[in-house]
Amino acid sequence: MPHVVILGGGFAGLRAAQQLVNAPVRLTLVDRHNHHLFQPLLYQVATATLSPSEIAAPLRALLGPSGVSVVLADVTGVDPEGKRVLLSDGELTYDYLVIATGATHSYFGNDHWAAFAPGLKSIEDAVEIRRRVLVAYELAEREPDPRLRRALLNFVIIGAGPTGVEMAGSLAEISRNSLPGDFKNIDTRDARIILIEGVDKVLPVYPDDLTTKARRTLERLGVEVRTGARVTNIDATGVYIGDEHIEARTVIWAAGVAASPVARSLGVPLDRAGRVIVTPELTVPGHEDIFVAGDLASLKQADGTPVPGLAPAAMQEGTHAARNILRRLRGQPMEAFKYWDRGSYAVIGRGHAVGIAFRRFKQTGLSAWFAWLFIHLMFLIGFRSKLAVMLNWAYSYLTFGKSARIITGPAPRLDELPRVTSSSEGGKSLPSGTPEPSARLAASSREMAPSPR
């Protein structure tokens with residue numbers, strides 16, 4: 001039987017595998033993790049609303065006893081001429097290949113910022129951000145220096161796309177509604193949530209009236225929104241916007257994504273974000289046996305607009321790639337992909353969201369929030385996940401409680417906190433022994449597309 005290899009167990013890869021489970025093929029799914037992750041809800045793990053197990057499920061369990069081979073490995077590249085997938089510890093040969101390895105963080109050439117401002121793409125990222133957020137409150141409770149206590153209670157989110165907006169709104173709710181009364185020496189409502197965006201509005205991919213509504217809602221929640229502000233440096237003490245230094249010990253990166261580096265090994269034209277410019281049939285130009293789906297695929301719709309990097313689009317592309325493989329096996333011509341746009345939503349906080357349904361119906365407020373709830377529950381995989389998430393959301397909505405406030409890792413230490421000294425030049429604050437920042441490439445939330453919704 002022909003061997004079909006699928007790279008990536010995300011929305012596109014899993015859907016392609018499910019479509020091919022009963023086909024007359026030998027099927028192998030490769031992923032660096034053994035689970036499928038519902039990425040749109042990662043920020044709720046990072047802000048202690050949900051646990052990781054509620055938004056992830058083992059790939060083998062999802063595919064069932066179907067004979068699909070699941071390989072846990074790192075993909076380092078593809079050899080199209082030799083029809084080989086190159087792994088960090090071996091290789092696989094294929095007859096048909098579906099590449100759905102998704103996207104990763106982009107720091108716009110400033111990769112050293114990653115140590116100070118983690119992004120949000122994996123469970124590990126979410127757990128680390130949750131740890132940093134909760135530890136900041138714990139350290140502030142013990143810190144005697146008022147200036148450093150304020151820095152601990154400053155939370156900076158860089159990038160006001162959907163992920164950044166959702167993180168900012170959720171962090172504001174934690175400080176204002178969930179944690180007050182838990183600490184004796186600090187008032188968590190004094191926390192300063194700062195959302196920074198390089199362009200002149202939040203949610204840049206949404207219409208102006210929705211972005212204005214989103215900004216007003218964020219500000220009512222207590223979020224300090226700074227648009228048209230370009231980050232020039234990030235270090236252990238905070239964020240620089242030009243010469244201005246914002247002291248903060250918790251910085252979160254939500255400003256940009258880049259395509260998986262696997263695309264570069266194909267030797268074909270890529271777009272500015274590093275995605276493969278695919279044919280209408282979702283194949284790599286010149287290689288009809290290689291399909292690309294999900295965030296790694298760059299494709300324009302009939303009206304010239306790009307297919308967005310959303311979960312529904314990825315699932316539709318995964319299904320279409322699998323169907324075109326089946327058509328080829330039957331000797332039939334492949335069909336062009338057509339995206340059915342159901343819409344996208346960004347939640348801003350408890351009972352607040354903005355979104356567009358079916359490309360024309362704008363929604364805001366509570367109705368958009370309920371639509372967001374319904375869509376996410378519908379796309380969650382498995383009855384157990386849906387029930388657990390629904391119960392946690394109900395608990396959080398009724399009580400403002402966060403049920404997953406667990407800190408993992410070593411105990412935090414006050415003596416390991418970076419200290420800041422005042423510079424005599426204009427009163428600018430600089431970490432001791434650190435050179436002044438040079439103007440680097442500005443961070444902006446011009447993501448490839450909104451977060452999957």
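Which residue in strand 21 stands opposite Ile99? In this predicted model, where residues are numbered from 1 along each chain as its sequence is written, local features need pLDDT of at least 70, side-chain atom pairs count only at pLDDT 80 or more, and totals for chains, interfaces and linings use all residues. Side-chain values rest on heavy atoms, with hydrogens and water left out.

The residue opposite Ile99 is Val292 in strand 21. Strand 9 (residues 96-99) and strand 21 (residues 287-292) run parallel and are paired over three bridges; strands, like helices, are DSSP runs numbered from the N terminus (E, at least two residues, for strands; H or I, at least four, for helices), and two strands pair if DSSP finds at least two bridges between them. Both belong to an open sheet of six strands with mixed pairing, in the order 5-2-1-9-21-20. Strand 5 (69-72) and strand 20 (283-284) stand at the edges with a single partner strand each, so one side of each lacks a neighbour in the sheet.

Two hairpins can be described next. Strand 15 (residues 238-241) pairs with strand 16 (residues 244-247) in the antiparallel sense over four bridges, and Tyr240 stands opposite His245 in strand 16. Two residues lie between these strands, and Gly242 in the turn has a positive phi of about 65°. Strand 7 (residues 84-87) and strand 8 (residues 90-93) are also antiparallel, joined by four bridges, with Glu91 in strand 8 as the bridge partner of Leu86.

Turning to open space, the largest pocket holds about 910 Å³. A pocket is an open set of points on a 1 Å grid over the protein atoms alone, where a 1.4 Å probe fits, with protein on both sides within 12 Å along at least five of seven lines; lining residues have an atom within 4 Å of a point. The lining comprises 38 residues, of which Asp31, Gln39, Thr101, Gly102 and Ala103 lie nearest the centre. Elements giving two or more residues to this lining include helix 1 (11-20), strand 2 (26-31) and helix 4 (123-142). By type, the lining has 16 nonpolar, 15 polar and seven charged residues, with Gly counted as polar.

On the surface, Trp340, Phe358 and Phe361 form a nonpolar patch with about 360 Å² of accessible area together (Shrake-Rupley method, 1.4 Å probe). Patch residues have over 30% relative accessible area and no salt bridge, with nonpolar side chains joined within 5 Å and like charges within 9 Å; a salt bridge is a side-chain nitrogen of Lys or Arg within 4 Å of a carboxyl oxygen of Asp or Glu. Trp340 sits in the loop between helix 8 (311-329) and strand 23 (343-349).

How values were computed
Points joined across faces, edges and corners; volume = space filled by probe spheres on them.
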